[in-house]
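Reader: I'm new to reading protein structures. Could you show me one and walk me through it with a few questions?

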Amino acid sequence: MPGTCVVGLQWGDEAKGKLVDILTERHEIVVRYQGGANAGHTVVSGGQTWKLSLIPSGILRDGVTCVVTGGVVLDPANVLKELDGLESRGVRIGSKLKLSDRAHVVFPWHMLEDKVLDGSVSGGEAIGTTGRGIGPCYRDKVGRSLAIRLGDLYRDDFSERFAHVLSFKQRLLESVAPGEGSMLDGERILAEYRGYAERLKPYVADTTAYLLDAVEAGSKLLFEGAQGALLDIDHGTFPYVTSSNSSGVGVASGSGVPGRWIERVIGVVKAYSTRVGGGPLPTEQDNAIGMHLRERGREYGTVTMRPRRCGWFDAVAARYTARLSGVDELAVMLLDVLAGLPEVKICSAYEIDGRRVTQFPSHVDDLRRAVPVYETLPGWQADIDGVTRFDDLPKEARGYVARLGEVIGRPVSIVSVGPDRAQTIFCR
Ligand code: IMP
């Protein structure tokens, strides 16, 4: 079977980009199956740093086709900015990129809706979205009557469809935030989107058909998830989630390729926890430990530059998402960040209302009350960013990784000790 899937098991930012870059070498097609410009991935390749959002990092390699599927919400201005950035640094795009005609298009009203409606959900805490119009665009997709897909931009009735959606959005925005709706200049937006459509035309394709042909022909596909499984709309910490299936379950619905074609699922975890935006993070360390993790791990959002909330590794959560995503093996990223701490902790259970729980709660309010039960392990002082063999890691670091694998219930096959490709340890 030809498919490998890389999926984040936490709240995103697990350094999946680096792993995808390494695995791309052994695949012909890289597939982005959900999310949008809310995600960002950083890849260090050939001594250069690349920051990409929607375009898979496979674009940096010859002989790899990158596919952005219909499960994605696509902001054309953003995609073109990425493409221009790549081309200005000598990357040839040509036929290496395919954008699904089924992908839903992000319009300026989606960004405005994010701004005026994200406010607060019950309990008063805002979701803290990236403000990229992701949720509002997916809302229109599910609602259907106000949705515009990439393929629609090339249809004869696009102007009428646009006018219908615009007039509704203007009224909606005016009613909730007077002054916002009238800021939408229909003529200007229409002209802009016609321009985007023209420039994107060479890349637009029926990617579902393309991918089904590819798997049936035995091509090697790499599915790249954005965000992490705990932000999954159905299975994450709802409502503090993103609006797509960011766990492994999203592969089939987002790409149109049935799960039976995937033979290897790699669950990616950071050696500790981070979260950006609202919602509970049971192991959060709002103290010197959190500062250590944020500063050593450079834990600031790639897209929004917000400081990430940091804490100890949450194995209750990761065990749940590893099962949910059908994970075969684990990649433990950013292990180097823990160096210098006297001791390291793993949360292996919660206490909720005095009861010990090892199953991840389905309701966010229960998760809010969860008090972590920690296992404490000895830390290590030496920097490990130059280590290339598992056996050369300090015994405490080896013990920590081994324990992570045990509590999550999956073998660790890759350990990362720095952003460079060379700073990767293959354990088996
Ligand atoms: P949205 O996806 O912009 O609607 O944001 C919803 C929630 O998901 C917010 O808490 C965001 O901070 C979070 N989020 C979205 N994309 C990412 C990501 O790539 N990494 C980490 N958190 C993300």
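This is a predicted model: local features need pLDDT of at least 70, side-chain atom pairs count only at pLDDT 80 or more; totals for chains, interfaces and linings use all residues.

Reader: Which element gives the most to the lining of the second largest pocket, and how many residues is that?
Author: The lining as a whole divides into 5 nonpolar, 6 polar and 5 charged residues. The element that gives the most to this lining is H2, with 5 residues.

Reader: Now for the ligand: how much of its exposed area does the protein bury?
Author: Let's begin with the shell around the ligand, which has 15 residues, the closest being Asn38, Thr130, Thr242, Val276 and Arg306. The side chain of Asn38 places an N or O atom 2.8 Å from a ligand oxygen, while a polar backbone atom of Val276 is 2.9 Å from an oxygen atom of the ligand. Taken alone, the ligand exposes 470 Å², and the share of that buried by the protein is 97%.

Reader: How far is the polar side-chain atom of Gln227 from a nitrogen atom of the ligand?
Author: The shell around the ligand holds 6 nonpolar, 7 polar and 2 charged residues. For Gln227, the distance from a polar side-chain atom to a nitrogen atom of the ligand is 3.2 Å.

Reader: How many residues apart in sequence are the parts that Arg139 and Glu113 tie together?
Author: The model has a count of 26 salt bridges. In one of them the side chains of Arg139 and Glu113 meet, at 3.0 Å from N to O. Arg139 belongs to helix H4 (residues 134-143) and Glu113 to helix H3 (residues 108-117), so this pair ties together parts whose separation in sequence is 26 residues.

Reader: Is the peptide bond from Phe238 to Pro239 cis or trans?
Author: To find the place, look at the loop between strand E10 (221-228) and helix H8 (250-255), where Pro239 sits. The omega of the bond from Phe238 to Pro239 is near 5°, and the bond is cis.

Reader: What is the phi of Arg144, and is that positive or negative?
Author: Arg144 is located in the loop between H4 and helix H5 (158-176). Although Arg144 is not a glycine, its phi is positive, at about 70°.

Key:
Residues are numbered from 1 along each chain as its sequence is written. Side-chain values use heavy atoms; hydrogens and water are left out. A residue is near a molecule or strand if one of its heavy atoms lies within 4 Å of it. A polar contact is a pair of N or O atoms within 3.5 Å; within protein, one must be able to donate a hydrogen and the other to accept it, and residues adjacent in sequence count only if both atoms are side-chain atoms. Accessible areas come from the Shrake-Rupley method with a 1.4 Å probe; for residues, only the protein chains shown count as cover. Ala, Val, Leu, Ile, Met, Phe, Trp, Tyr, Cys and Pro count as nonpolar, Asp, Glu, Lys and Arg as charged, and the others, Gly among them, as polar. Helices (H or I, at least four residues) and strands (E, at least two) are DSSP runs, numbered from the N terminus. A salt bridge is a side-chain nitrogen of Lys or Arg within 4 Å of a carboxyl oxygen of Asp or Glu.
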